[in-house]
Amino acid sequence: MRGCVSVPSQVKIILRNIYVKIQQGSFSSAGSLPLQAPSASSNSPFLGTLSHQTGSGGMKLEAVMENLQRQQAARLALEEKLRQAEKEKDLRSMVESQIHQQALAFRHYQAAMRGALAAGVA
């Protein structure tokens, strides 16, 4: 489902209000963007498909929604990259720690062997 992006509920409410205003013909500029949730009696569908809208208002709304989806997809991709980088950093740290422990164990082994050889020779 690549390209399918969930929209936060506040954005859905704002977009639903814009949709209602466009349908009522009372949406004229960005200054009139609705900021309150629609009433419970509002039975307009939530934007579902934008292809049935006509006029520049529908095209603007579609552009806004596409922009929001692109922004959220970019944010999600960045978050995924950051999670991946953190995993790689953790893995690198774990490997470095294991290498250090093995080197330390090998030095202890060498010291013990030298001590055993010196005791056997002396």
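Trainee: Which residues make the nonpolar surface patch of about 360 Å²?

Mentor: Patches are made of residues with over 30% relative accessible area and no salt bridge, with nonpolar side chains (Val, Leu, Ile, Met, Phe, Trp, Tyr) joined within 5 Å and like charges within 9 Å. Areas come from the Shrake-Rupley method with a 1.4 Å probe, and for residues only the protein chains shown count as cover. The patch of about 360 Å² is made by Leu 91, Met 94, Val 95 and Ile 99.

Trainee: Before we go on, what should I know about the numbering and the cut-offs?

Mentor: As a predicted model, it needs pLDDT of at least 70 for local features and 80 or more for side-chain atom pairs, while totals for chains, interfaces and linings use all residues. Residues are numbered from 1 along each chain as its sequence is written, and side-chain values use heavy atoms, leaving out hydrogens and water.

Trainee: Is Val 95 buried, partly exposed or exposed?

Mentor: Val 95 sits in helix H2 (residues 55–121); helices are DSSP runs of H or I, at least four residues, numbered from the N terminus. Buried means under 20% relative accessible area, exposed over 50%, and partly exposed in between (1.4 Å probe, protein chains only). With a relative accessible area of 35%, Val 95 is therefore partly exposed.

Trainee: How many salt bridges are there?

Mentor: A salt bridge is a side-chain nitrogen of Lys or Arg within 4 Å of a carboxyl oxygen of Asp or Glu. Arg 75 and Glu 79 meet in one at 2.8 Å, N to O, and Glu 80 and Arg 83 meet in one at 2.9 Å. By this rule, the count comes to two.

Trainee: What separates Arg 75 and Glu 79 along helix H2?

Mentor: Both side chains are partly exposed, Arg 75 at 39% and Glu 79 at 31%. They are four residues apart in helix H2, so the separation is about one helical turn.

Trainee: How far apart are the end C-alpha atoms of residues 61–88?

Mentor: An unreviewed UniProt entry annotates residues 61–88 as "coiled-coil region"; such annotations may be inferred rather than shown by experiment. Over this stretch the chain is 100% helix and 0% strand, and the end C-alpha atoms are apart by 40 Å.

Methods
Helices (H or I, at least four residues) and strands (E, at least two) are DSSP runs, numbered from the N terminus.
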